Amino acid sequence: MTMAVANEVILLMRQRGGASYFGEPVSQLEHALQAAWLASLAGASRQLVLAALLHDVGHLLHNLPESIASEGVDTAHEIAGYDWILRRFGPIVAEPARYHVAAKRYLCAVEPEYRATLSPASLESLQLQGGPMDEGQIRAFEALPCYREAVMVRRWDDEAKVPGLVVPGIEEYREIIESECLRLMN
Ligand code: FE
(Lines give C-alpha, C1' and ligand atoms only; values in the text may rest on other atoms or scores of the structure.)
Protein backbone atom coordinates (compact mmCIF):
# COMPACT_ATOMS: atom_id res chain seq x y z
CA MET A 1 0.00 0.00 0.00
CA THR A 2 2.64 2.55 1.02
CA MET A 3 4.86 1.39 -1.82
CA ALA A 4 1.92 1.78 -4.22
CA VAL A 5 1.38 5.37 -3.07
CA ALA A 6 5.09 6.16 -3.42
CA ASN A 7 5.09 4.70 -6.93
CA GLU A 8 1.97 6.71 -7.77
CA VAL A 9 3.48 9.99 -6.53
CA ILE A 10 6.81 9.43 -8.26
CA LEU A 11 5.16 8.36 -11.52
CA LEU A 12 2.81 11.37 -11.48
CA MET A 13 5.73 13.73 -10.91
CA ARG A 14 7.79 12.11 -13.66
CA GLN A 15 5.04 11.79 -16.24
CA ARG A 16 3.22 15.07 -15.69
CA GLY A 17 5.97 17.17 -14.11
CA GLY A 18 7.82 17.94 -17.32
CA ALA A 19 5.43 20.71 -18.27
CA SER A 20 6.67 24.20 -17.63
CA TYR A 21 5.53 25.83 -14.42
CA PHE A 22 3.02 28.48 -15.52
CA GLY A 23 5.18 31.19 -16.97
CA GLU A 24 8.21 30.36 -14.79
CA PRO A 25 11.64 29.26 -16.08
CA VAL A 26 11.45 25.77 -14.46
CA SER A 27 9.31 22.67 -14.97
CA GLN A 28 6.69 21.52 -12.48
CA LEU A 29 9.00 18.73 -11.34
CA GLU A 30 12.01 21.06 -10.94
CA HIS A 31 9.80 23.47 -8.98
CA ALA A 32 8.55 20.74 -6.65
CA LEU A 33 12.05 19.34 -6.06
CA GLN A 34 13.51 22.80 -5.37
CA ALA A 35 10.71 23.61 -2.92
CA ALA A 36 11.26 20.33 -1.05
CA TRP A 37 15.01 20.86 -1.01
CA LEU A 38 14.63 24.39 0.41
CA ALA A 39 12.37 22.94 3.12
CA SER A 40 15.02 20.32 3.93
CA LEU A 41 17.76 22.95 4.10
CA ALA A 42 15.61 24.98 6.49
CA GLY A 43 15.37 21.96 8.79
CA ALA A 44 11.64 21.52 8.25
CA SER A 45 9.80 18.46 9.56
CA ARG A 46 9.35 15.48 7.24
CA GLN A 47 5.68 16.36 6.87
CA LEU A 48 6.52 19.91 5.84
CA VAL A 49 9.16 18.73 3.37
CA LEU A 50 6.48 16.53 1.82
CA ALA A 51 4.01 19.44 1.83
CA ALA A 52 6.59 21.54 -0.04
CA LEU A 53 7.19 18.71 -2.54
CA LEU A 54 3.46 18.27 -3.20
CA HIS A 55 2.14 21.83 -2.75
CA ASP A 56 1.38 22.19 -6.48
CA VAL A 57 0.35 18.60 -7.18
CA GLY A 58 -3.08 19.93 -8.13
CA HIS A 59 -1.51 21.35 -11.28
CA LEU A 60 -0.56 17.81 -12.31
CA LEU A 61 -4.08 16.46 -11.81
CA HIS A 62 -5.82 18.49 -14.50
CA ASN A 63 -5.25 18.94 -18.21
CA LEU A 64 -5.45 22.70 -18.53
CA PRO A 65 -2.93 24.57 -20.68
CA GLU A 66 -0.05 26.31 -18.93
CA SER A 67 -1.17 29.72 -20.23
CA ILE A 68 -4.32 29.42 -18.13
CA ALA A 69 -3.72 32.42 -15.79
CA SER A 70 -3.11 34.67 -18.79
CA GLU A 71 -6.55 33.65 -19.99
CA GLY A 72 -8.11 34.85 -16.76
CA VAL A 73 -8.88 31.44 -15.26
CA ASP A 74 -8.03 30.56 -11.66
CA THR A 75 -7.58 26.78 -11.63
CA ALA A 76 -7.93 26.58 -7.80
CA HIS A 77 -5.13 24.02 -7.95
CA GLU A 78 -4.62 24.21 -4.21
CA ILE A 79 -8.08 22.72 -3.58
CA ALA A 80 -7.66 19.80 -6.00
CA GLY A 81 -4.22 19.21 -4.55
CA TYR A 82 -5.53 19.37 -0.99
CA ASP A 83 -8.06 16.57 -1.48
CA TRP A 84 -5.47 14.41 -3.19
CA ILE A 85 -2.81 14.94 -0.49
CA LEU A 86 -5.30 14.59 2.36
CA ARG A 87 -6.37 11.10 1.25
CA ARG A 88 -2.78 9.90 1.05
CA PHE A 89 -0.95 11.73 3.83
CA GLY A 90 -3.50 13.38 6.13
CA PRO A 91 -4.01 16.98 7.26
CA ILE A 92 -0.52 17.77 8.57
CA VAL A 93 0.84 17.45 5.04
CA ALA A 94 -2.30 18.61 3.23
CA GLU A 95 -3.18 21.80 5.13
CA PRO A 96 -0.05 23.85 4.37
CA ALA A 97 -0.47 22.98 0.69
CA ARG A 98 -4.14 23.93 0.82
CA TYR A 99 -3.32 27.38 2.15
CA HIS A 100 -0.17 28.22 0.16
CA VAL A 101 -2.17 30.45 -2.18
CA ALA A 102 -3.92 32.13 0.76
CA ALA A 103 -0.45 32.66 2.24
CA LYS A 104 0.54 34.67 -0.80
CA ARG A 105 -2.52 36.89 -0.38
CA TYR A 106 -1.66 37.15 3.33
CA LEU A 107 1.99 38.10 2.79
CA CYS A 108 1.02 40.69 0.20
CA ALA A 109 -1.15 42.32 2.86
CA VAL A 110 1.19 42.15 5.89
CA GLU A 111 4.62 42.56 4.26
CA PRO A 112 4.76 45.54 1.91
CA GLU A 113 8.11 44.42 0.51
CA TYR A 114 6.89 40.87 -0.24
CA ARG A 115 4.91 41.84 -3.29
CA ALA A 116 8.01 43.18 -5.04
CA THR A 117 9.62 39.72 -4.76
CA LEU A 118 6.86 37.94 -6.71
CA SER A 119 7.44 36.81 -10.27
CA PRO A 120 5.31 38.36 -13.05
CA ALA A 121 3.29 35.11 -13.37
CA SER A 122 2.68 35.02 -9.64
CA LEU A 123 1.53 38.66 -9.61
CA GLU A 124 -0.84 37.93 -12.46
CA SER A 125 -2.46 34.99 -10.68
CA LEU A 126 -2.68 37.03 -7.45
CA GLN A 127 -5.47 39.12 -8.92
CA LEU A 128 -7.43 36.01 -9.96
CA GLN A 129 -6.95 34.60 -6.48
CA GLY A 130 -8.56 37.61 -4.82
CA GLY A 131 -5.66 40.05 -4.37
CA PRO A 132 -4.13 40.94 -0.98
CA MET A 133 -6.20 39.97 2.10
CA ASP A 134 -8.26 42.54 3.99
CA GLU A 135 -8.22 42.90 7.80
CA GLY A 136 -10.88 40.27 8.42
CA GLN A 137 -9.22 37.77 6.11
CA ILE A 138 -5.86 38.37 7.81
CA ARG A 139 -7.35 37.60 11.23
CA ALA A 140 -9.10 34.48 9.94
CA PHE A 141 -5.89 33.27 8.29
CA GLU A 142 -3.82 33.79 11.45
CA ALA A 143 -6.39 31.72 13.35
CA LEU A 144 -5.62 28.63 11.23
CA PRO A 145 -3.52 26.07 13.12
CA CYS A 146 -1.27 25.63 10.08
CA TYR A 147 -0.86 29.24 9.01
CA ARG A 148 2.84 29.48 9.85
CA GLU A 149 3.53 26.28 7.92
CA ALA A 150 1.51 27.59 4.98
CA VAL A 151 3.62 30.77 4.99
CA MET A 152 6.81 28.71 5.07
CA VAL A 153 5.68 26.59 2.11
CA ARG A 154 4.80 29.82 0.31
CA ARG A 155 8.28 31.27 0.76
CA TRP A 156 9.94 28.06 -0.52
CA ASP A 157 7.43 28.05 -3.37
CA ASP A 158 8.47 31.60 -4.35
CA GLU A 159 12.17 30.73 -4.27
CA ALA A 160 11.86 27.40 -6.08
CA LYS A 161 12.11 28.90 -9.55
CA VAL A 162 15.85 28.80 -10.28
CA PRO A 163 16.66 27.50 -13.79
CA GLY A 164 19.21 24.69 -13.82
CA LEU A 165 19.61 24.39 -10.04
CA VAL A 166 20.86 20.90 -9.18
CA VAL A 167 18.93 19.38 -6.26
CA PRO A 168 18.13 15.82 -5.08
CA GLY A 169 15.75 13.92 -7.38
CA ILE A 170 12.29 12.54 -6.73
CA GLU A 171 13.56 9.08 -5.69
CA GLU A 172 15.26 10.73 -2.71
CA TYR A 173 11.78 11.35 -1.28
CA ARG A 174 10.51 7.79 -1.61
CA GLU A 175 11.29 6.97 2.02
CA ILE A 176 9.51 10.08 3.35
CA ILE A 177 6.50 9.40 1.11
CA GLU A 178 6.23 5.81 2.32
CA SER A 179 6.68 6.61 6.00
CA GLU A 180 4.19 9.50 5.97
CA CYS A 181 1.64 7.35 4.18
CA LEU A 182 2.19 4.62 6.76
CA ARG A 183 1.78 7.13 9.61
CA LEU A 184 -1.70 7.96 8.34
CA MET A 185 -2.73 4.30 8.21
CA ASN A 186 -1.65 3.63 11.81
FE1 FE B 1 4.21 26.57 -6.47
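Visitor: By what spacing are Asp157 and Arg154 separated in helix H10?

Guide: By about one helical turn, because they are 3 residues apart in helix H10 (residues 147–159). Helices here are DSSP runs (H or I, at least four residues), numbered from the N terminus. This is a predicted model: local features need pLDDT of at least 70, side-chain atom pairs count only at pLDDT 80 or more, and totals for chains, interfaces and linings use all residues. Residues are numbered from 1 along each chain as its sequence is written, and side-chain values use heavy atoms, with hydrogens and water left out.

Visitor: Which salt bridges does Arg154 form?

Guide: A salt bridge is a side-chain nitrogen of Lys or Arg within 4 Å of a carboxyl oxygen of Asp or Glu. Arg154 pairs with Asp157, closest N and O atoms 3.4 Å apart. Arg154 also pairs with Asp158, at 3.0 Å.

Visitor: Are Arg154 and Asp158 buried or exposed?

Guide: Buried means under 20% relative accessible area, exposed over 50%, partly exposed in between (1.4 Å probe, protein chains only). Both Arg154 and Asp158 are buried. Asp157 is buried too.

Visitor: How many salt bridges are found in the whole structure?

Guide: The search finds 11. One of them joins Arg46 and Glu175 (3.1 Å, N to O). That pair links distant parts of the chain: Arg46 sits in helix H3 (residues 46–54), Glu175 in helix H11 (residues 174–185), 129 residues apart. Arg46 counts as partly exposed, at 33% relative accessibility.

Visitor: Which residues are linked in a network of salt bridges?

Guide: Arg14, Glu171, Arg174 and Glu178.

Conventions:
Helix = DSSP H or I, 4+ residues; strand = E, 2+ residues; numbered from the N terminus.
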